[in-house]
Amino acid sequence: MNRISIVLSLVILLAFTSFGGANPGGVGDGDFDMQCGGACHGDASQNQTSPALLELSLDGDAYLGLPVSITASVSGIQFSSSDAIGLFLLTDVTGHSDLPEDSGWKVISDVNGGDNNYVEIEGSSFNEAYTISWTVKPTVLESTTFYLSIHHGGQNTPYFAISSGLNIDVLPVPDNLPRLSSEYSPIISRDLGQQTTIPVSTSDVDELAIEWRLIDRPSSSINATLIDNNSWEFELPPALQPSIIEWRAVMNGDGPTQITPWFRIAAQEPALEVNQLQVYLQSFAFCIIFLTLVLTLQSRYLNDQEDLPKEIDQTNLLPKQEDSLDSTPPLPEGGLPNGWTMEQWKWYGREYLEDLK
Amino acid sequence: MISSATFHVITTELVVGSFAMAGICFLVLAIQSFGLFESEKASLVTDYAGHFALGFGLVATPFAIFSGISSSPTSDLSSPLLVNKMFLSMIATGLALAVLFTRYKIGNKLWNSKPSSRIQTAAGLAASGFMLMTASAGGKFSRGESVLDFLNLPYDTIFLMPTWASVIVLLGGVVSVIIAVMNLQKSSAVEH
């Protein structure tokens, strides 16, 4: 009966679980292969094909060592409720060695203000289309095929899809082309309330103007200050709450005017500055406190019971007496009386001996 | 080679699984210590399984802590949530160590005393609870949500003592542990 009730309880508990393999909360942005090593969706084999329409496009030409934007368009997702959408920028569809870095491309910034090939954005059943972009930089003079992959949920089912390939030919940099220097890497994050000076390194640039904007707001234009040969800087206003500012450079020189992709800089809570040794010491102190607490309580209660064995010893006398009562009395001279069995002697022999006395 | 983030996932799954298993066993033992349910077989099984699971989880805990620190964005404790995770996991470690040491020293006779068995099961349950809270904080850090969100735990607030205070507590704790261990050894010798 007990076993049946346990099995029934387990079946009921299992019945209340969701059979979906999706990870509704997402896994956070990061550098992930196509299936996140199984982490984005619990089990890739449970994936259903997403009805989403995926498209990648290149904004401008890709020159060796210069940043360029790749824009992803997503539409046609059918949600049962609000959910996260995971988007991957990949260079292969085999599920391994498929990061842009594996093909010689560096992700400079993503839509969330990081520099990851996998980003999560908020999805909604009310939205029909999403457009996001990555700013990337080729480091090798080769053609690369990019793919956009999507993970999302809906009706307790994990969905997956991958776009057709976008082939990008990397071109050598023409002479005198106004451009950012190939080693330049923009700042992508800053602390809240911090007036930020952004340095810019260029080549063949005579005049540098900066456009900056908050997401989905009109842009403002400022001129960058020339610091040194090919080194410029400009200032962005401090952010009072977590937000992302986009900026791009308009570069004039002997060659045709060039405009960089939009770079993103995220303002976030400043990282905690704490003495690591202090934290570790306090952690060990907590460990010792709780260790001491339990051991002290146990030793106290066990010591309180030190008298118990003595009591047990006294009570142990009783069984001994019973044993002696129960023990078989010595047989009289001549052995068992006639007609007695040993069993009878064991129980009544003592009385027989008393009568003889 | 695998990244520290992947190694952290492996080790935390080992730790959380083991502590959850131990928690269930200590819950059954706690129920039995209050006389709500009695079964010699269940008592025996949960006693051994609970302590073994706790021991296994304890072995995996340092790997989870170190891989967790190295896989954090700045490879150190750069967020209040990570500091709280460190505190919670070390509290769970202290409780688990105490539970295992007591069980090892006193043996089966531990269950003959009601107060001792209740302290043992409460400490075991608390160790499991603190470790599950640590895991929950990890989910909050990486995914922004956790199963314990409904409790509105103040993960963004840290209680940090001055270094000298931690050193004093640590030294006092070490002395207290030595005294408690000696007392326990005396008790176990008397019991035996």
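**Helix packing and the A–B contact**

I start with handedness: helix 1 of chain B and helix 4 of chain B make a left-handed crossing. Keep in mind that this is a predicted model. Helix 1 covers residues 4-33 of chain B and helix 4 covers residues 114-143 of chain B; their axes come within 8 Å and cross at roughly 150°. Angles over 145 degrees count as roughly antiparallel, so helix 1 of chain B is roughly antiparallel to helix 4 of chain B. The contact between these two helices has 15 nonpolar, 8 polar and 2 charged residues.

Next, helix 2 of chain B. This helix runs over residues 40-71, which is 32 residues. From first C-alpha to last, helix 2 of chain B reaches 45 Å, close to the expected 46 Å. There is a bend in helix 2 of chain B, about 35° at B:Ala60, and B:Pro62 follows within four residues.

What does helix 2 of chain B pack at an angle of about 145° with? The partner is helix 3 of chain B, residues 80-106, and the axes are 10 Å apart. This crossing is left-handed. On the helix 2 side of chain B, the contact residues include B:Leu54, B:Leu58 and B:Ile65, and on the helix 3 side they include B:Ala96, B:Leu100 and B:Arg103. By class, the contact divides into 7 nonpolar, 5 polar and 1 charged.

Last, the two chains. In chain A, 37 residues are in contact with 47 residues of chain B. Helix 2 of chain A, residues 276-304, gives the largest share of the chain A side, 25 residues. That side has 21 nonpolar, 15 polar and 1 charged residues.

Key
Residues are numbered from 1 along each chain as its sequence is written. Chains are lettered from A and ligands numbered from 1 in the order in which they are written. This is a predicted model: local features need pLDDT of at least 70, side-chain atom pairs count only at pLDDT 80 or more; totals for chains, interfaces and linings use all residues. Helices (H or I, at least four residues) and strands (E, at least two) are DSSP runs, numbered from the N terminus. The expected span of a helix is 1.5 Å times one less than its number of residues. The bend at a residue is the angle between axes fitted to the seven residues ending there and the seven starting there. Two residues are in contact if their C-beta atoms, placed from the backbone, lie within 7 Å. Ala, Val, Leu, Ile, Met, Phe, Trp, Tyr, Cys and Pro count as nonpolar, Asp, Glu, Lys and Arg as charged, and the others, Gly among them, as polar. Axes are lines fitted to C-alpha atoms, for helices over the stretch in contact, and angles run from 0 to 180 degrees between N-to-C directions. Angles under 35 degrees count as roughly parallel, over 145 as roughly antiparallel, 65 to 115 as roughly perpendicular and the rest as oblique. A crossing is left-handed if the near helix is turned anticlockwise from the far one by less than a right angle, and right-handed if clockwise.
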